[in-house]
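Good morning, and thank you for joining this group meeting.

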Amino acid sequence: MSRLTADNEARARRIMALYPRPKSALIPLLHLAQSQDGHLTDEAVRHVAELVGITPAEAAGTATFYEMFKFHPVGRYLVNVCTNISCALLGADDLVAHASAALGVKPGGTTDDGMFTLETVECMAACTEAPCLAVNYRYRLRVTPNDFDDLVAAIRSGDIDQEIPHHGTLARVHQEIPEGRMAGISSPEQARAAPAWMAAGAEGAG
Amino acid sequence: MAADGYVDHAPGYVANEGPKIVTGRFGYEDSHRLARFEATGGYEGLLRALALAPGAVHQQVRDAILLGRGGAGFPAGVKWGFLPPGRYPYYLVVNGDESEPGTYKDRLLMERDPHQLIEGCLIACYALGLSQCFLYVRGEMALAQERIAAALNEAYEAGYAGRRICGTDFSVDVVLTWGAGAYIVGEETALIESLEGNRGMPRLKPPYFPAAVGLYGQPTIVNNVETLSNLGWIMANGADAYRRHGSESSPGTRMFAVSGHVRRPGVYEVEHGVTTFRELLYGDNFARGILHDRELKAFIPGGGSAPWFFPEHLDLPLEAKPVGAAGSMLGSGAVVVMDETTDAVDAALRLVRFFARESCGKCTPCREGTTWLERILQRIADGRGRPSDIDLLLDVSDNISPGPYPAASDEARGLAAVAFPPRQTTICPLGPSAVAPVVSTIRRFRSEYEARITRRDAIPVKAAS
Ligand SMILES: Cc1cc2nc3c(=O)[nH]c(=O)nc-3n(C[C@H](O)[C@H](O)[C@H](O)COP(=O)(O)O)c2cc1C
Ligand code: SF4
Ligand code: FES
């Protein structure tokens, strides 16, 4: 139930400054909100809408189009098993069945302790390494039932907290443009002139 | 455990024999770092470009006949020429949304060699006078986002990006941005909508190319990650050197992901045009044959959207024209191989379910049609199919793609050749994509459908592994 924290709001403003129009930062800011709370709260969506200058309804309209945004709490670890064609050919259904039994939830469900949500997903661009899955978007390839059990045990024991952050956190390395190195972002209206190296004429920029 | 030929840090990539234009650095553990990039010829292409006039750089790319790697195979140099003169600002949007079923290459390029991609973006911006570059990475690809962010930070720090690049008056910002899970956002106008902060729904055509009307209504170049990753090499080595690889109409190399029932699945850099599907599936240098010595039943030559091929198509070259004439497409370089134990109905259902889930809902024939196709296929797969269902599937398909559907000529089946792409009643090709697996399997494996409908006993839906 929270708006963005002061730190996150500051980061949101830095992200917005990278786009010619603030609304273009909407999806990255929704991810930021999701990283704060693990899912998108109404308050956070409203705050993000305020920041980029649109109505909360419009922000929610965009957010609900995209699968990664969750509007209810999900497990701390979101387990996505691919069931598209290449994985299906090499046993994805068996892997889903095993995962389901091991966690005691059907696809779509969350374990009682709030640790795991199991989902079946479409192709994750790892098709040659079937069957595969991702936990909070960290990939595991050619996964056997044993691998799955080991992974769950490692997560439960906290051994791979470093590698797999809690749900909501996506990239942990961010683009930070060093002071004075930015070319400068302007709105389309402010950028009608030919760029300097084009205006300079024929002989290259050197 | 690392299988034969695998490099642990680039899972899936197989360093086969042959020219390496875009995967050359994958063997290095630190291939994503600036130091390695610079030590292996990185940013040389950019420096070469900066020494030329922008128009001369564009001409090199035109001469290289660099075909787009995102699916449609349109020559980049020609597409770049569609920018209307003087209507600044122009933008570059990089399509890193890779999510076509069976496709695995752009993620590797972003994770393993982000500087190569950034260099390509900079060359395109320089050649065309683009004001800003947006590198749009699929939402689910956390590692790719981290690698690109780190590489951009290094590039800015070292003066390769941002203000006064390499001390010249070329200045451009390259901004990493990312999605949130929606296949349709890979369609270029949907990508632009998404980047404007909207639901990712394709725009009505015409205009056919965002080069005329794109981001914020401004002229915009959209190129695929792999397409742009070729530019550094082309500028460093020249268009002539590029054209010495591959075939005359499809020069260079291309990354192909070979997945499914093969002995050595993997991502291969393959010479464009000169290699055949038979070599790719059976060759020692590539996938090494069907798993467990079984027979090949069918293969999808260009990602889930492509009409299927069968053993008689194995000798076609990996080249857009002959593959199109035979009724399919090379698409996104994704070859999905199915052995004789594969259940055709179940395989079709997987793909149709995908398109039904991913339809953006804007066009009725796609939204309703894909849902119906999925429902009918599901009941056939569940043993509850009706005798009229096969015709119903074809009828729904015809509503989405009216007229004769692409096919290779086949006398035994009385089929005349109909070239790809199909006609469509929809705004984008996603609708017709759902038709591909349905028509392909009914045409070829009608008896399997009939058996499922009339026998009603459970047939295992899963292929043996
Ligand atoms: C439904 C659909 C999905 C697509 N998905 C992708 C994709 O994930 N990545 C991509 O580069 N192109 C994709 N495309 C093709 C793009 O619209 C566009 O043609 C391409 O990005 C242009 O780049 P290129 O000319 O360098 O190939 C898709 C097209 C359609 C119709
Ligand atoms: S064909 Fe389908 S995905 Fe494409 S615009 Fe129409 S409804 Fe959306
Ligand atoms: S089909 Fe599973 S990753 Fe592509």
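I shall speak about domains, then the contact between the chains, and then salt bridges and aromatic pairs. Please bear in mind throughout that this is a predicted model.

Let me begin with the domains. Chain A is divided into domain 1, residues 6-63, and domain 2, residues 77-157. The C-alpha centres of these two domains of chain A are separated by 30 Å. Chain B is likewise given as domain 1, covering 32-239, and domain 2, covering 344-452. In chain B the corresponding centres, again over C-alpha atoms, lie 34 Å apart.

How do the two domains of chain B meet? On the side of domain 1 of chain B, twelve residues take part in the contact, and domain 2 of chain B contributes nine residues. Between them, about 900 Å² of area is buried, and carbon and sulfur atoms give 77% of that area. The side of domain 1 of chain B that touches domain 2 of chain B consists of seven nonpolar, two polar and three charged residues. How many salt bridges are found between domain 1 and domain 2 of chain B? The count is zero. As for polar contacts, two residue pairs are found across this interface, with both residues of a pair at pLDDT 80 or more.

I turn now to the interface of chain A and chain B. The size of an interface is often given as the accessible area lost when the parts come together. For chain A and chain B, the buried area is about 6,700 Å². Carbon and sulfur atoms account for 57% of this area between chain A and chain B. The contact involves 74 residues of chain A and 96 residues of chain B. Between chain A and chain B there are 36 residue pairs in polar contact, counted where both residues have pLDDT 80 or more. The rule also finds four salt bridges across the interface of chain A and chain B. Asp93(A) and Arg350(B) form a salt bridge, and their closest N and O atoms are 2.6 Å apart.

Side chains of opposite charge can pair when their charged atoms come close. Over all chains, the structure holds 38 salt bridges. Within chain B, Glu140(B) is joined to Arg138(B) by a salt bridge, with 3.0 Å between the closest N and O atoms. Are these two partners, Glu140(B) and Arg138(B), buried or exposed? Glu140(B) has a relative accessible area of 14% and is therefore buried, the cut-off being under 20%. Arg138(B), at 7% relative accessibility, also counts as buried. A further salt bridge links Asp389(B) with Arg379(B), where the closest N and O atoms are 2.7 Å apart.

Finally, the aromatic side chains. A search of the whole structure gives 23 aromatic pairs over all chains. Phe65(A) and Tyr66(A) make an edge-to-face pair, with ring centres 5.1 Å apart and 75° between the planes. Phe65(A) is buried, at a relative accessible area of 15%, and Tyr66(A) is buried as well, at 2%. In chain B, the ring centres of Tyr126(B) and Phe170(B) are 5.2 Å apart. Why is this pair of Tyr126(B) and Phe170(B) edge-to-face? The pair is edge-to-face because the planes lie at 70°, and planes over 60 degrees apart count as such.

Thank you for your attention.

Technical notes. Residues are numbered from 1 along each chain as its sequence is written. Chains are lettered from A and ligands numbered from 1 in the order in which they are written. Side-chain values use heavy atoms; hydrogens and water are left out. Domain bounds come from an automatic or database domain assignment. Contact means heavy atoms within 4.5 Å. Buried area is the accessible area (1.4 Å probe) that two parts lose on being put together, summed over both. A salt bridge is a side-chain nitrogen of Lys or Arg within 4 Å of a carboxyl oxygen of Asp or Glu. A polar contact is a pair of N or O atoms within 3.5 Å; within protein, one must be able to donate a hydrogen and the other to accept it, and residues adjacent in sequence count only if both atoms are side-chain atoms. Ala, Val, Leu, Ile, Met, Phe, Trp, Tyr, Cys and Pro count as nonpolar, Asp, Glu, Lys and Arg as charged, and the others, Gly among them, as polar. Rings of Phe, Tyr and Trp (its six-membered ring) pair if their centres lie within 6.5 Å; planes under 30 degrees apart count as stacked, over 60 as edge-to-face and the rest as tilted. Buried means under 20% relative accessible area, exposed over 50%, partly exposed in between (1.4 Å probe, protein chains only).
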